[in-house]
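Here is a short tour of one protein chain, written to be read with the coordinates open beside you.

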Amino acid sequence: MEYPKPMPRNITVNRDEDYMEIIWMDGHRSVYPLSHLRTVCPCAECQGGHENMGGPPDRLAFLREPERPWKVEHVTLVGNYAIQFFWDDGHHAGMYTWEYLRALCPCEECSLRYGDAEALEKEKEEAG
Ligand SMILES: [Zn+2]
Ligand SMILES: [Zn+2]
């Protein structure tokens, strides 16, 4: 069975409190810390080349504290398939598609399904 692509029903961006909330068509609710979204910017430059684009998002990179408290200055929709952030350093090349964002959803249910806790534990062990 083909699953329908995730589509947002409602998007709230709160720059003062550093979050974006998406209520999806299927009723699922995702809340993203805006500053963490910069770490997983899907643009070619941030992904290290065009050949690395289009893959699933790096959930662990997203969950980690960002290297600096990135701020969003402006947000715009790209057609009906993505959202684009204009960051405070002028960067704005990343198009965050709905699929990408849904695959990043940090809620408890998704976190369990993706096995974030185990992955973080493994990463810690490997780092010694
Ligand atoms: Zn980027
Ligand atoms: Zn979720």
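This is a predicted model: local features need pLDDT of at least 70, side-chain atom pairs count only at pLDDT 80 or more; totals for chains, interfaces and linings use all residues.

## Overall layout

Residues are numbered from 1 along each chain as its sequence is written, while chains are lettered from A and ligands numbered from 1 in the order in which they are written.

Along the principal axes, the C-alpha atoms fill a box of roughly 45 × 40 × 35 Å. Of the 128 residues, 15% count as buried; a residue is buried if 20 or more other C-beta atoms lie within 10 Å of its own, exposed if 12 or fewer, and partly exposed in between, with C-beta atoms placed from the backbone. Among contacts with a separation of 6 or more, residues 24 or more positions apart account for 43%. Two residues are in contact if their C-beta atoms, placed from the backbone, lie within 7 Å.

## Strands and hairpins

An open sheet is formed by 3 strands in the order 1-2-3, with antiparallel pairing. Strand 1 and strand 3 are its edge strands, each pairing on one side only. From one strand to the next, the twist averages 15°, based on axes that are lines fitted to C-alpha atoms, with angles running from 0 to 180 degrees between N-to-C directions. Two strands pair if DSSP finds at least two bridges between them.

The antiparallel pairs can be set side by side:

| Strand pair | Bridges | Opposite residues |
|---|---|---|
| Strand 1 (residues 8-14) and strand 2 (residues 19-24) | 6 bridges | Asn-14 and Tyr-19 |
| Strand 2 and strand 3 (residues 29-33) | 5 bridges | Ile-22 and Ser-30 |
| Strand 5 and strand 6 (residues 95-97) | 3 bridges | Gln-84 and Met-95 |

Strand 1 and strand 2 form a hairpin with 4 residues between them, and Asp-18 in the turn has a positive phi of about 55°. Most residues other than glycine have a negative phi. Asp-18 is a residue other than glycine with a positive value, and it counts as partly exposed because it has 17 C-beta neighbours inside 10 Å.

Glycines take positive phi values at other turns. The hairpin of strand 2 and strand 3 has 4 residues between the strands, and there the phi of Gly-27 is near 95°. In the hairpin of strand 4 and strand 5, with 3 residues between the strands, Gly-79 has a positive phi near 55°.

## Core and a tryptophan

Which residues touch the most other members of the largest nonpolar core? They are Tyr-32, Leu-37 and Leu-104, in a core of 13 residues. The elements that give two or more residues to this core are strand 2, helix 1 (34-39), strand 5 (82-87) and helix 4 (98-104). A nonpolar core is a set of buried Ala, Val, Leu, Ile, Met, Phe, Trp, Tyr and Cys residues joined through C-beta atoms within 7 Å.

Leaving aside neighbours within four places in sequence, Leu-37 is in contact with Tyr-32, Phe-85 and Tyr-96. Tyr-32 also stands opposite Met-20, with Tyr-32 in strand 3.

Trp-24 is found in strand 2. With 18 C-beta neighbours inside 10 Å, Trp-24 counts as partly exposed. Beyond four places in sequence, Trp-24 is in contact with Pro-6, Met-7, Pro-8, Arg-9 and Arg-102. The C-alpha atoms of Trp-24 and Trp-98 are separated by 9.5 Å, although the two residues are 74 residues apart along the chain.

## The last helix

Helix 6 (residues 116-127) has 12 residues that should span 16 Å at 1.5 Å a residue, and its end C-alpha atoms are 16 Å apart, which agrees. The expected span is 1.5 Å times one less than the number of residues. Of the 12 residues of helix 6, the number buried is 0, so this helix lies largely in the open. Helix 6 is followed by Gly-128, whose phi is positive, near 80°.
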